[in-house]
Amino acid sequence: MKSSPFTLNRQFIPLSIFLIKWILICIGIALMAGTASAVFLHSLSWATEFRDNHNWLLYLLPLGGLAVGLLYHYFGKEVEAGNNQIIQEIQNPEKIIPARMAPFVLLGTVVTHFFGGSAGREGTAIQMSASLADQITKIFKLTASDRKIILIAGIAAGFGSVFGTPLAGAAFGLEVFIIGRMRYEAILPSFLASILADYVCHLWGAHHSHYVVDMIPQATLMNVIYAALAGICFGLAGQAFSRFTSWFGKLLKGNINYKPMVPVVGGFIIIALVLLLDVIGINDLTSERSKFIGLGLPTIQAAFNQQLPVYDWALKLLFTGITLGAMYKGGEVTPLFFIGATLGNALSLFLPLPTALLAGMGFVAVFSGAANTPIACTLMAMELFGAEIGIYAGVACVVSYLFSGHYGIYSSQIVGSLKHDRLIEDKGKQLKDIKVQ
C-alpha cells in the first residue's frame, strides 16, 4: 500500500516536534553538564597538584572524611546514594533528585583527592549532570517517561564530558542502568547530550588525559585468543574490585554506628597502608606517597610505555576499595583504568601481545566487567586509542563482562538479560530476582 503525501506529512510534523523538543532539552543539559564537568576537572587538577606538593596533607585525610561525612549525615541524606540513586530513579521514577547533589558531591570528591583518598571522577560527573538535568523535569513538569530519558541523557552528558569520550558516554547512559537491555527511545537525547556536553567542556578549557597504543598487530586467531585470555583476567579483576569494595563497606558500616566516623576509620587505614609501603620500599616513580592515592594518572601513563611491578593493580584495588568502602566521595572508573592498565602491563610478561595494547585493553575491560557496560567500553577504547584497537578491545570487554558475573560497582543495576543461563541454578527463578551484588 502506497503512502500518500498527506500520510507522510502527518509523520513529519510529530517527528519535527519531537526533534525540536529534545534538541532544546539536550542543549540545556549539555550547558549544565559540560560546565559542571569543566569546573570539576579544573578543581581536581588544582587539588591533585597541591597535594602532590604537600605530602603531609595525607595525615589530614580522616579530618577531611569526617567533615564530608558530617555534611552528608546532617544535610545530604537525600542524595547520599549517589549513582545508585540515579539508576533507581530511571528504573522507578518517584522523586526529583535534589539539586544539592551537585555541589555536595563536587565538594566531597575534591576533599577526597585533596587529602589523598583513592577515587575517580565519573561518579561525581554523573551525579552533578543527572541531578542538574532533573531540575528540567521539575521546572517544565515533564512526564515520568520524559524524566527517565532526561536522566539517561544526564548520565551520558556527565560521562562523555568528563572523559572526553562522547560516543562512549552516550552508550554508557543507555547501557548502565539495566544489564543486557537498552532504552532506544533515549538514543537521540543520549547522543546529543553527550556530544554537546563534551563540546561545552572543551570550550571552558578543560583537558583530558591522552594515552598512546603505538603498535596494534594483525588480529590473527591466536592474537584474538590471547585477547580473550586477557579478558578473563580483566573480568575477574573487575569482580574482585566490586566484591572487595562492597565487603569492606559493609564491614565498616556494620561495626560503626555513627556514619560520619566511617571515613575517619577508613582514612587512618589508608595512612597506615601508605606508611607501610614506605617502610617496605614500594614507592612511586616520582613521589614516595602518590602512587596509589588520588587518581594515579602518572602510573596509568607509565603502564603504556614501561614495565611496572606486577602487583601495582592489586595495591590500587586495595586502596580504592578501602577509600570508597569508607564512604569517601568520587568515582570508581579512573581507579579501574589504573587497575586495568597495570594488570594489562603485568600480563605482557605472559601473553605475546604488545605491552601498550594490553594496557589499553585492560584500561577499558576491567571497567567493562565492573560496570557491566561492554559496548560503552569498546567505544571508549576506539575513541581514546583509535579504531584499530576495536577488535582487541571488543573481545576483551565482552569476555570481561561475562567473567565478572552478576557483580558490579552499581548495586542498583537490575538484570534485564542473563549473561548466560548457567548463572542460575534454579531454572524456575524469576529474572527480576537476580540482583547485582
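Buried denotes a relative accessible area under 20%, exposed over 50%, and partly exposed the range in between (1.4 Å probe, protein chains only). The model is predicted, with local features requiring pLDDT of at least 70 and side-chain atom pairs pLDDT 80 or more, whereas totals for chains, interfaces and linings use all residues. Residues are numbered from 1 along each chain as its sequence is written, and side-chain values use heavy atoms, leaving out hydrogens and water.

View 1. Helices (H or I, at least four residues) and strands (E, at least two) are DSSP runs numbered from the N terminus.

**View 2. Phe172 and Tyr410, an edge-to-face ring pair.** Rings of Phe, Tyr and Trp (its six-membered ring) pair if their centres lie within 6.5 Å; planes under 30 degrees apart are stacked, over 60 edge-to-face, and the rest tilted. Tyr410 is buried, with a relative accessible area of 2%, and Phe172 is likewise buried, at 1%. Their ring centres are 6.4 Å apart and the planes meet at 70 degrees. Because Phe172 belongs to helix H7 and Tyr410 to the loop between helix H16 (390-403) and strand E2 (414-415), the pair ties together parts 238 residues apart in sequence. Both residues belong to a cluster linked by ring pairs, which also includes Phe159 and Phe367.

**View 3. Phe50 and Phe114, a stacked pair.** This is one of 23 aromatic pairs in the structure. The ring centres are 5.4 Å apart, with 15 degrees between the planes. Phe50 lies in helix H1 (residues 5-52) and Phe114 in helix H4 (residues 101-114), so the pair joins parts 64 residues apart in sequence. Phe50 is partly exposed at 30% relative accessibility, whereas Phe114 is buried at 16%.

**View 4. Glu332, a buried residue without a salt bridge.** A salt bridge places a side-chain nitrogen of Lys or Arg within 4 Å of a carboxyl oxygen of Asp or Glu. Glu332 occupies the loop between helices H12 (312-325) and H13 (333-347). Lys and Arg count as positive and Asp and Glu as negative, with His and the chain ends not counted; the nearest side chain of opposite charge, Lys329, is 9.8 Å away. Leaving aside neighbours within four places in sequence, Glu332 is in contact (heavy atoms within 4.5 Å) with residues including Glu122, Phe241 and Tyr410.
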